[in-house]
Amino acid sequence: MRKQLICANWKMNHTLQDGIEFFEKIKSSDIENSKADAIVFPSFTLIQPLAKLAAEVGITIGGQNINENENGAFTGEISASMLTSCGASSVIIGHSERRDIYGESDDLISKKIIAALKSNLKVILCVGEHIETREDSKTADFVRDQLTICLAPISDKTMENITIAYEPIWAIGTGLASSKEDAEEIMAFIRNWLADRFNADIAEKTRILYGGSVKPGNMAGYAEMENIDGALVGGASLDAESFLGIINAID
Ligand code: PGA
């Protein structure tokens, strides 16, 4: 049985003070009895100061990106070992904003996954299609190609450290969430792909998250679907009450 996982992707939002207030609010709630695991992905600068506060409420902290190299002359970049040394235990790789705004390719993403795993970071690998691809009925092919390249170097053993987030790009930050049935269809396709590429056991154990305009009001619908194991949440994760509303929607 896969436990649901809620990931809060804060993107480039929240100062240190905002982050501390967020966790103070969470602390005064009853999150510890939650049926879901939770990870918050703040900006790099907040990882160390928030890791301890998060641990007190059973939440772990992750980074939103890493560089594929271990170290060196890469001004402005952050390595996987830098994240672990500050208390991060996971990292988002291949978010559509990294792909679309910063030109990250599937090949680069696969290198970043290797770098993350080498430093013992768990990986949330994002895949998902633009609206044109969906309108052409090519979503499954598109996502399969992304997975094939991004996970090319991954062995059965290392796959246990990877979670897949299916995020249709047209649903991110738009309020136009995918219907739970449409999301389930492609996420079942992803699980079948995992069974073919790895094996049935890995397909059964791997968590697949939905992302794109998830809110307290629509989370329960996603969580009841067979192949949806949680959510990657942007906007609605910034406010503690709303984040808790999403977690508490799971029973
Ligand atoms: P959203 O973002 O929840 O604001 O749509 C999701 C994401 O980008 O991961």
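Student: In this predicted model, which residues of α12 do F22, K25 and I26 in α1 meet?
Tutor: The contact between these helices involves F22, K25 and I26 on the α1 side. By class, the contact has 5 nonpolar, no polar and 1 charged residues.

Student: Are α1 and α12 roughly parallel or oblique to each other?
Tutor: Helix α1 spans residues 16-27 and helix α12 spans residues 240-248, and their axes lie 9 Å apart at an angle of about 45°. Angles under 35 degrees count as roughly parallel, and 65 to 115 as roughly perpendicular. The crossing of the pair is right-handed. The angle between α1 and α12 therefore makes the two helices oblique.

Student: What is the relative accessible area of I247?
Tutor: I247 is located in helix α12, and I247 is listed with the buried residues of that helix. A residue is buried when its relative accessible area is under 20%. For I247 the value is 1%.

Student: What distance separates the C-alpha atoms of I247 and G63?
Tutor: I247 belongs to helix α12. Along the chain, I247 and G63 are 184 residues apart. Their C-alpha atoms are separated by 20 Å.

Student: Are α1 and α2 roughly parallel or oblique to each other?
Tutor: Helix α2 covers residues 44-56, and its axis lies 10 Å from that of α1, at an angle of about 5°. An angle under 35 degrees counts as roughly parallel. The relation of α1 and α2 is therefore roughly parallel.

Student: Which residues of α2 are met by L16, G19, I20, F23 and K27 in α1?
Tutor: The residues of this contact divide into 8 nonpolar, 1 polar and 2 charged.

Student: Is the crossing of α7 and α9 left-handed or right-handed?
Tutor: Helix α7 (residues 139-150) and helix α9 (residues 180-197) have axes that come within 10 Å and cross at roughly 40°. The two helices are therefore oblique to each other. T139, A140, V143, R144, L147 and T148 of α7 contact I186, F189, I190 and W193 of α9, and the residues of this contact divide into 7 nonpolar, 2 polar and 1 charged. The crossing of α7 and α9 is right-handed.

Student: With which side chain does that of E104 form a polar contact of 3.0 Å?
Tutor: E104 lies in the loop between α4 (96-102) and α5 (106-118), and E104 is buried, with a relative accessible area of 6%. Setting aside residues up to four places away in sequence, E104 touches N65, G94, R98, R99, I109 and K112. The side chain joined to that of E104 by the polar contact belongs to R98.

Student: Is N65 buried or exposed?
Tutor: N65 occupies the loop between β3 (60-63) and α3 (80-85). Its relative accessible area is 9%, and the cut-off for burial is under 20%. N65 is accordingly classed as buried.

Student: With which side chain does the side chain of N65 make a polar contact of 2.8 Å?
Tutor: Apart from neighbours within four places in sequence, N65 is in contact with F44, L83, V91, I92, R98, E104 and K112. R98 and K112 are also among the residues touched by E104. The polar contact of the N65 side chain is with the side chain of K112.

Student: How far apart are the C-alpha atoms of N65 and S43?
Tutor: N65 and S43 stand 22 residues apart along the chain. The separation of their C-alpha atoms is 9.4 Å.

Note on methods: Residues are numbered from 1 along each chain as its sequence is written. This is a predicted model: local features need pLDDT of at least 70, side-chain atom pairs count only at pLDDT 80 or more; totals for chains, interfaces and linings use all residues. Side-chain values use heavy atoms; hydrogens and water are left out. Axes are lines fitted to C-alpha atoms, for helices over the stretch in contact, and angles run from 0 to 180 degrees between N-to-C directions. Helices (H or I, at least four residues) and strands (E, at least two) are DSSP runs, numbered from the N terminus. Angles under 35 degrees count as roughly parallel, over 145 as roughly antiparallel, 65 to 115 as roughly perpendicular and the rest as oblique. A crossing is left-handed if the near helix is turned anticlockwise from the far one by less than a right angle, and right-handed if clockwise. Contact means heavy atoms within 4.5 Å. Ala, Val, Leu, Ile, Met, Phe, Trp, Tyr, Cys and Pro count as nonpolar, Asp, Glu, Lys and Arg as charged, and the others, Gly among them, as polar. Buried means under 20% relative accessible area, exposed over 50%, partly exposed in between (1.4 Å probe, protein chains only). A polar contact is a pair of N or O atoms within 3.5 Å; within protein, one must be able to donate a hydrogen and the other to accept it, and residues adjacent in sequence count only if both atoms are side-chain atoms.
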